[in-house]
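Student: I have a structure open on my screen and would like to learn how to read its features. Could you guide me?

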Amino acid sequence: MARLFGTDGVRGLANRDLTAGLALGLAQASAVVLTQGRRAEERRAQGRRPVAVVARDPRISGEFITSAVAAGLASSGVDVLDAGVIPTPAAAFLIADIGADFGVMISASHNPAPDNGIKFFAFGGTKLPDTVEDRIEAVLAGNKLLTPIGGDVGRIRRFADAEDRYVVHLLGTLPHRLDGIHVVLDCAHGAAAGVSPQVFTDAGARVTVIGADPDGLNINDGVGSTHLDNLARAVLEHGADVGIAHDGDADRCLAVDRDGNIVDGDQIMAILAVSMAERGVLKDRTLVATVMSNLGLKKAMAANDIKMIESKVGDRYVLEELDAHGLSLGGEQSGHVIMTKFATTGDGILTGLHIVAEMARTGKTLAELASVMTVFPQILVNVRGVDHHALADDDVIAAAVRDAEAELGDTGRVLLRPSGTEPMVRVMVEAADQPTADRLAHALAEVVRSRLALPVA
């Protein structure tokens, strides 16, 4: 059987791939795996049941999937606190805040409304390692579930102050109020629609909101961090100082400066890293970013005497490096930014607040702050229909990469990355100018295609 869990939980087309039955079964299996260990002994001694926080984004299918998850957990003897529609990072925070045993977030992040997903968090609000996800799948396949009766069956209750707890937490992280700054927020018709405008307003910002009318079907539809044109237009139209865009579950943040220029996750990390280093709160003066981050980020960090550790692509791998080295800041170009003092996962609202707080602290525009980093022209070419497993052993491709790297010198870089899930190789090239990046990327893509092409069925 193919592995159910992907890079960020179990996802698929709701009611086709991700059915109520699968959601029920996953919840029951998670109850078996995530309620074991030392805490189980403590609960039994105290005569109490395990507790799980369940939350969702506003897409329509989240209603039936949440019901199935809650039923699966309660039928397995887990008390459920239903937090309703809140951001993914809010769910992670609440798990830690109340000491819940684990939690479940129903969301497909930046995907369109027909998709959905189920993401599990362990005690403390941390993501599950692959080995624990594998154990959940094994329990599901073996149908070795918990079947308590009577008073051992779990209860389902509303988590009444979930949003308020999260708002208070976010406001408590701010090093500086946001008074005098006009912010346009694009909430992607998603989980941030209620929380983000409230927090920015409470922090003192003047707020204009777009993309904050979720109807269950319009999440990420032409709005949010994957569609920044509307935000740029709104910033210009309202004469705002900055625009902040979230995705559907608000674990990402991208920004737009007052002239409508996009500030991506790499630039956001550069701004925050330099600020935190200046204030003495960047642990070991080190930033974690993925291998896909722009070369300009690495050069900017070096210029500011900040070290950079590179991880594999995916916020879970960024988190692994942060945890392994006890570091305070990391993220991805896509806008997943993790500030470990305040969050166990990427938090788009938290990130946006701290960007604007830095504007308020320094009196600089976002463009001035972002100028700490020069963005190198970058191109990514996906070469499909190839044997991605053979990439590492092909000497001709390796020679072509060395030639491209020799031409670029220290003015660019080359990265060839096999897909983890399909027959595809991603070719990424950065260079001092776009024509050079384009030329080298397409030339390397052609070498990969000619060497690794799979037979046509």
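This is a predicted model: local features need pLDDT of at least 70, side-chain atom pairs count only at pLDDT 80 or more; totals for chains, interfaces and linings use all residues.

Student: In what order do the six strands of the open sheet come?

Tutor: First the general idea: strands in a sheet pair through backbone hydrogen bonds, and they do so either parallel or antiparallel. Here, the six strands follow the order 1-5-4-2-3-6, with mixed pairing. At the edges are strand 1 (10–13) and strand 6 (156–158), each pairing on one side only.

Student: How do strand 4 and strand 5 run, and how many bridges join them?

Tutor: Strand 4 (residues 102–106) and strand 5 (residues 115–121) run antiparallel and are joined by four bridges. Find I106 and you will see I118 of strand 5 opposite. Helix 1 (residues 20–34) packs on the sheet, where this helix touches strand 1, strand 4 and strand 5.

Student: How many aromatic pairs does the structure hold?

Tutor: Two. In general, we describe such a pair by the distance of the ring centres and the angle of the planes.

Student: Are F5 and F120 buried or exposed?

Tutor: Both F5 and F120 are buried.

Student: Which rings form the other pair?

Tutor: F93 and Y166, with centres 6.3 Å apart and planes at 45 degrees, so that pair is tilted as well. F93 belongs to helix 4 (residues 88–98) and Y166 to helix 6 (residues 162–173).

Conventions
Residues are numbered from 1 along each chain as its sequence is written. Side-chain values use heavy atoms; hydrogens and water are left out. Two strands pair if DSSP finds at least two bridges between them. Helices (H or I, at least four residues) and strands (E, at least two) are DSSP runs, numbered from the N terminus. Contact means heavy atoms within 4.5 Å. Axes are lines fitted to C-alpha atoms, for helices over the stretch in contact, and angles run from 0 to 180 degrees between N-to-C directions. Rings of Phe, Tyr and Trp (its six-membered ring) pair if their centres lie within 6.5 Å; planes under 30 degrees apart count as stacked, over 60 as edge-to-face and the rest as tilted. Buried means under 20% relative accessible area, exposed over 50%, partly exposed in between (1.4 Å probe, protein chains only).
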